[in-house]
Amino acid sequence: MERRIPFVSYQLPEKSELSTLVQYTVAPRKLKSSVEITGATGFVVAPFEGSGAFPITLLEPDFIHTGNSPVDQIIETLQKCSLFLGTKSESHPMHEASSSEFTRQVEAIKAKIKEGVIIKAVLSRVKIETEVSSIDTIELFNTLCQAYPHAFVYILQMPDVGCWIGASPEPLLLVSDERAKTTSIAGTQVLGNRMVSDVKWNAKERDEQAIVTSYIENVISSFGITNVEKIGPYSYQAANLVHLKTQFEFDASTIKPLLGKFIVALQPTPSVCGLPKANAVDVVLSVEKHEREYYSGFLGPINIEDNTAFFVNLRCLKVVPEGFAFFVGAGITEGSIPGREWEETSHKMMTLLSVVNSVNTSSKAYVFSKTRN
């Protein structure tokens, strides 16, 4: 990280082993479209909405480390690498919406729904925490790996992308052993002291889930995929939250030669933008006053040890000069109540913020202990 060398370290769900991919001979490749990822090998980071400022980036590793493979030689090589020392990601200003502005944005989306322009849109917001700027990002990543073993946990650094850390609960597409899986996740509640089996879902939340599920079913069908196994919807716990989830599994042979085109059709799903997709993206971009950058885009390894694992970039933060920028969102439908949507985004933010605060507290306690001694 100190030498600004492009890398990613990640932990796949239900796996205790970390993987680290490093590219130190040339800069990662910028792609014009996700279609170009077909046949690629490495790690992909794609924004919510493609633009020159936030390019789709493919890290093609010169070195891959997993498990107990030796690292002495590569560390020596990286210590001598000065290729990226002069590179700095351009700093983009971020707009933090107040509660009252967020309310106006919700009402503007509901007006578009009433006009029949869209059925649903996902409204996001950014919150910058400045009191955590001294936190060791590596310690934060390691703590997230321990705290969220069921999520895709990562830390990455790349030119023009910046440094991002996340713990995503939402797979976009998993391809392994000739089987492919994709997931519909929508609807959110705080678990609290309840058992997951005791969570009840209202009509608004079930409608939200059905919209995403129907969309994914149509995408799968459009590629001529048959014999799809569908499981759900069912309640799914992600840290302190519970979501409604439906999983699809099918033979991967149909989409492997068309992987990029399948991702273009799938992403962004209604769970991060809305429906109809093109109209919802237009509405979101007109209402939101910040750039989503790589929040609600997708990322993950492609063809690493014959496995591809793309996840929607949710529950994530970006390291910025002031500290950490947290990105969160909530699905807005005709029955949305602005205050509750604000609360939902606040609860989602706590997934990462609680871990950040715990690392911050332990760091301060360590410093206090050292000064006392």
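Predicted model: local features only at pLDDT ≥ 70, side-chain atom pairs only at ≥ 80, totals over all residues.
**Entry on strand β18**

I began with strand β18, which covers residues 323-332, and found that ten of its ten residues are buried, so the strand is largely enclosed by the rest of the structure. I then looked up its pairing partners, and one of them is strand β7, residues 120-129, which runs antiparallel to β18 and is joined to it by nine bridges. Within this pairing I noted that L123 has A330 of β18 as its bridge partner.

**Entry on helix α3**

Next I turned to helix α3, residues 137-147, where T137, L140, F141, L144 and C145 are buried. Looking down the axis of α3, I saw that its buried residues fall within an arc of 140°, so they line one face of the helix. At the N-terminal end of α3 I noted a cap formed by D136, which has a side-chain oxygen 2.9 Å from the backbone nitrogen of I138.

**Entry on I138**

I138 itself belongs to helix α3, and I wrote it down as partly exposed because its relative accessibility is 36%, which lies between the 20% limit for buried and the 50% limit for exposed. Setting aside neighbours within four places in sequence, I found I138 in contact with M1 and I155. I also checked I138 against S33: the two are 105 residues apart in sequence, and their C-alpha atoms are 31 Å apart in space.

Notes. Residues numbered from 1 in each chain as written. Heavy atoms only, no water. Buried < 20%, exposed > 50% of the residue type's maximum accessible area, 1.4 Å probe, protein only. Helix = DSSP H or I, 4+ residues; strand = E, 2+ residues; numbered from the N terminus. Pairing = 2+ DSSP bridges. Arc of directions from axis to C-beta. Polar contact = N/O pair within 3.5 Å; in protein donor to acceptor, adjacent residues only side chain to side chain. Contact = heavy atoms within 4.5 Å.
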